[in-house]
Amino acid sequence: MGSSLTCAGVVWALLSFLCAAASCVGFFMPYWLLGSQMGKPVSFGTFRRCSYPVRDEVHQATVMLEQCGRYASFQGIPSLEWRICTVVTGVGCGLLLLVSLTALMGCCVSDLISRTIGRVAGGIQFVGGTTSLLSRVRATLPSMNSGYLKFTARVCSWRQLCI
């Protein structure tokens, strides 16, 4: 099997894959914002959170549930900005993965990537990376300025699936 990439193209393909993988891992991890609430460390990302308050119906008190999980639904994501960020970042990660996997295939298959396809792939990669980065910055800045704990203050009963 021959390669349709130059040496620089192979380096680009490998770095693209590593960056796409890091972006996707960062998207799925709930450690975008860190803080504490009720004396416990809490963290959350666009659609996952760790350590959040729930309502204990038996004792009629709010307790911290120390586990990580997803929101029960897309509408359960605390704000419109975070919902938009989830979609845009997911699309950006998808574009990055598409380009990086295509570039990796170009390392093994001859005549798969031409100069024009390489330029188009670079443009798609730029759009994917830019949308992913800008949506993350846009979602976290207002949260940090207004106090992120307002997003985690949602209280659920034990019977509700809040994760």
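Helix α3 (residues 115-146) supplies the largest share of the lining of the largest pocket, three residues. Helices (H or I, at least four residues) and strands (E, at least two) are DSSP runs, numbered from the N terminus. The model is predicted: local features need pLDDT of at least 70, side-chain atom pairs count only at pLDDT 80 or more, and totals for chains, interfaces and linings use all residues. Residues are numbered from 1 along each chain as its sequence is written, and side-chain values use heavy atoms, without hydrogens and water.

Among the residues lining the largest pocket are Trp 12, Ile 113, Arg 115 and Arg 119.

One disulfide (a pair of cysteine sulfur atoms within 2.5 Å) is counted. Cys 50 and Cys 68 form this link, with an S to S distance of 1.7 Å. Cys 50 lies in strand β3 (residues 48-56) and Cys 68 in strand β4 (residues 61-70), so the bond ties together parts that are 18 residues apart in sequence. The link of Cys 50 and Cys 68 is right-handed, with 110° about the S-S bond.

Two other cysteines have sulfurs too far from the closest cysteine sulfur for a bond: Cys 93 is 4.1 Å from Cys 24, and Cys 108 is 6.1 Å from Cys 107.

The table gives accessibility, where buried means under 20% relative accessible area, exposed over 50%, and partly exposed in between (1.4 Å probe, protein chains only).

| Residue | Relative accessible area | Class |
|---|---|---|
| Cys 50 | 7% | buried |
| Cys 68 | 36% | partly exposed |
| Cys 93 | 3% | buried |
| Cys 108 | 39% | partly exposed |

Notes. On a 1 Å grid over the protein atoms alone, a cavity is a set of points where a 1.4 Å probe fits but cannot get out, and a pocket is an open set with protein on both sides within 12 Å along at least five of seven lines; lining residues have an atom within 4 Å of a point.
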